[in-house]
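Let me put the structure up, and then I'll walk you through the parts I'd look at.

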Protein chains: 2
Amino acid sequence: MDFTVRAATKEDCKDIWRMITELAVYEKMADQVKISPEDLERDGFGQNPLFECLVVEVPEEQKSTDGFIVVGYALYFYTYSTWTGVCVHLEDLYVMPHFRGNGIGKSLLSKVAQIAKQKQCARLQLCALEWNTPSRDFYAYKGAQDLTATEGWHMLRFDGHTLDSLAQEDAKG
Amino acid sequence: MDFTVRAATKEDCKDIWRMITELAVYEKMADQVKISPEDLERDGFGQNPLFECLVVEVPEEQKSTDGFIVVGYALYFYTYSTWTGVCVHLEDLYVMPHFRGNGIGKSLLSKVAQIAKQKQCARLQLCALEWNTPSRDFYAYKGAQDLTATEGWHMLRFDGHTLDSLAQEDAKG
């Protein structure tokens, strides 16, 4: 199957948003998607972009049954480790089901790794759900360490009212 | 105990680096610290800062036995969720042992939460080690959800030669 991986533009935000929603449905968390295509345009393609994104395009004659030619994406941004400096965090990597098994996911991941190396990042990190075995197997096969399993790292989150109350606590100084 | 929480400046980088190292020793991973005070100056206080940092200062008469008046820090940066948009990630929160139990950690955490709210972030996230019960209890008491426990999120990492080989794979497109 022919495909091209390229940097996303503002015009891709509707497609990226559509696939963000598909991925959230797969992850059984569709109700958590609160952003819109317009948010993506503003946040990723304005003055100070908060993320970067690659998309995968197939030729018109191979378009999806719904008529889409943008069939995958990898959305990432830069983070900072106080041990190793700048890192890449891969927030989402997604390929539409019909287009899987053609090396598209591998190609996206490899391109993100190339960008990480270009930017002198010592690490490429991502998160995966425990029950998502196909995904975890894919990353493990590519050489990823599972830091939750090997070092015991847990992800913690404040949001909603717990974030509000934290912010409202009397802060000294 | 009197203390002040303020935004870090370039001049604080030696102190921040000293405490990064102390924290890594506590986390039993001191050999993983590869950065220098100069890296922090460049990465946090240049044209496009990769992180922001708060520091805690005590009055001269309460300085540490080693003569330090900067006795804690919180280092954070902005990330992006394709579900909720911009987020704050708290990379490190540290208070020197002698100065604990005075509300300094709570004050730092609250200030970071205030910054998150100012920047319209829906989430404040961080990572904690499984065996680090004092730390996990502190965050749980403040209302943090443990997403690894409740939703099964695992942290994965490519680095060293696994990152190199990923980047070297033939990428199509």
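So, find B:Asp66, in the loop that joins β2 (52-57) to β3 (70-81) in chain B. This is a predicted model, by the way.

A:Lys28 isn't a glycine, yet its phi is positive, about 60 degrees. Where is it? A:Lys28 belongs to the loop between α1 (13-26) and α2 (37-45) of chain A. A:Lys28 counts as exposed because its relative accessibility is 65%. Over in the other chain, B:Lys28 also has a positive phi without being a glycine, at about 65 degrees. B:Lys28 is in the loop between α1 (13-26) and α2 (37-45) of chain B, and with a relative accessible area of 65% B:Lys28 is exposed.

Okay, zooming out to chain A. How many helices and strands does the chain have? Six helices and seven strands. Going along the sequence, the order reads β-α-α-β-β-β-α-β-α-β-α-β-α. The C-alpha trace of chain A spans about 65 × 35 × 35 Å along its principal axes. Of the 173 residues in chain A, 53% are buried. And if you take contacts with a separation of 6 or more, 59% of them are between residues 24 or more positions apart.

On annotation, an unreviewed UniProt entry lists residues 3-169 of chain A under "domain: N-acetyltransferase". That span is 36% helix and 29% strand, and its end C-alpha atoms are 52 Å apart.

Now the inside. In soluble globular proteins, nonpolar side chains tend to be buried together. Here the largest nonpolar core has 117 residues. Which residues have the most contacts inside that core? They are A:Tyr73, A:Leu90 and A:Leu124, plus B:Tyr73, B:Leu90 and B:Leu124. Strand β3 (residues 70-81) of chain A gives this core its largest share, nine residues. Take A:Leu90 as an example: leaving aside residues up to four places away in sequence, its contacts include A:Ala74, A:Leu75 and A:Tyr76, as well as A:Leu109, A:Val112, A:Leu124 and A:Tyr139.

Last stop, where the chains meet through helices. Helix α3 (residues 104-118) of chain A and helix α6 (residues 160-168) of chain B have axes that come within 7 Å and cross at roughly 120 degrees. The crossing of α3(A) and α6(B) is left-handed. From α3(A) you get A:Leu109, A:Ser110, A:Ala113, A:Gln114, A:Ala116 and A:Lys117, and from α6(B) B:Leu163, B:Asp164, B:Leu166 and B:Ala167. By class, this contact of α3(A) with α6(B) has six nonpolar, two polar and two charged residues.

The axes of α6 (residues 160-168) of chain A and α3 (residues 104-118) of chain B come within 7 Å, crossing at roughly 120 degrees. The α6(A) and α3(B) crossing is left-handed. Among the residues that meet there are A:Leu163 and A:Asp164 from α6(A), and B:Ser110 and B:Lys117 from α3(B).

That's what I had, so over to you.

Definitions and conventions. Residues numbered from 1 in each chain as written. Chains lettered and ligands numbered in written order. Predicted model: local features only at pLDDT ≥ 70, side-chain atom pairs only at ≥ 80, totals over all residues. Heavy atoms only, no water. Axes fitted to C-alpha atoms, helices over the stretch in contact; angles between N-to-C directions. Helix = DSSP H or I, 4+ residues; strand = E, 2+ residues; numbered from the N terminus. Left-handed = near helix turned anticlockwise from the far one by under 90°. Contact = heavy atoms within 4.5 Å. Nonpolar A, V, L, I, M, F, W, Y, C, P; charged D, E, K, R; others polar. Core = buried A, V, L, I, M, F, W, Y, C linked by side-chain atoms within 4.5 Å. Buried < 20%, exposed > 50% of the residue type's maximum accessible area, 1.4 Å probe, protein only. UniProt positions renumbered as here; feature names shortened; annotations may be inferred.
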